[in-house]
Amino acid sequence: MTQKNSQSTQKKPNPKKPLNKALHLSGAGLQMGATIYLGYLLGQWLDKQFQTTYLEQTVTLLSIFLAIYALIKQAQKIND
């Protein structure tokens with residue numbers, strides 16, 4: 001009798017969990033794209049303000065690193 005009770009009280013795998021992870025990761029991808037695009041726009045604006053030609057590439061590259069870092073952190077958080 002205790003075997004039946006222990007089997008019925010065991011947690012069943014949640015079928016929504018993989019879908020939930022996929023939705024979080026797709027949202028993270030959109031966030032990554034937005035971060036890179038906003039960095040690009042900021043770099044263009046800075047180039048115009050300071051009349052330079054290198055800030056656009058520099059800020060865009062920094063925003064790429066920031067977006068990848070944020071994506072990795074979110075993926076670790078989702079998998080925990």
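This is a guided tour of a predicted model, moving from the whole chain to single residues.

**Before starting.** Residues are numbered from 1 along each chain as its sequence is written. In this predicted model, local features need pLDDT of at least 70, side-chain atom pairs count only at pLDDT 80 or more, totals for chains, interfaces and linings use all residues, and side-chain values use heavy atoms, with hydrogens and water left out.

**The whole protein.** Three helices and zero strands are present, in the order α-α-α from the N terminus; helices (H or I, at least four residues) and strands (E, at least two) are DSSP runs numbered from the N terminus. The protein exposes about 6,900 Å², of which carbon and sulfur atoms supply 64%; such accessible areas come from the Shrake-Rupley method with a 1.4 Å probe, and for residues only the protein chains shown count as cover. Of the 80 residues, 14% are buried. Buried means under 20% relative accessible area, exposed over 50%, and partly exposed in between (1.4 Å probe, protein chains only).

**Confidence.** Colour the chain by pLDDT, the predictor's confidence in each residue, from 0 to 100. The mean for the protein is 85, and 80% of its residues reach 70 or more. Which helix has the lowest confidence? It is α1 (residues 2-8), with a mean of 55, while α3 has the highest, at 93. Where pLDDT is low, the predicted coordinates should not be read in detail.

**Helix α3.** Select residues 55-79, the 25 residues of α3. At 1.5 Å a residue, α3 should span 36 Å, and its end C-alpha atoms are 36 Å apart, which agrees; the expected span is 1.5 Å times one less than the number of residues. Buried residues of α3 are L55, V59, T60, S63, A67 and I78.

**L71.** Next, select L71, also in helix α3. L71 counts as partly exposed because its relative accessibility is 27%. Leaving aside neighbours within four places in sequence, L71 is in contact (heavy atoms within 4.5 Å) with A28, G29 and M32. L71 and G29 are 42 residues apart in sequence, yet their C-alpha atoms are 7.4 Å apart in space. Across the protein, residues 24 or more positions apart account for 56% of the contacts with a separation of 6 or more.

**L38.** Finally, move to helix α2 (residues 16-50) and select L38. Is L38 buried or exposed? L38 counts as exposed, because its relative accessibility is 54%.
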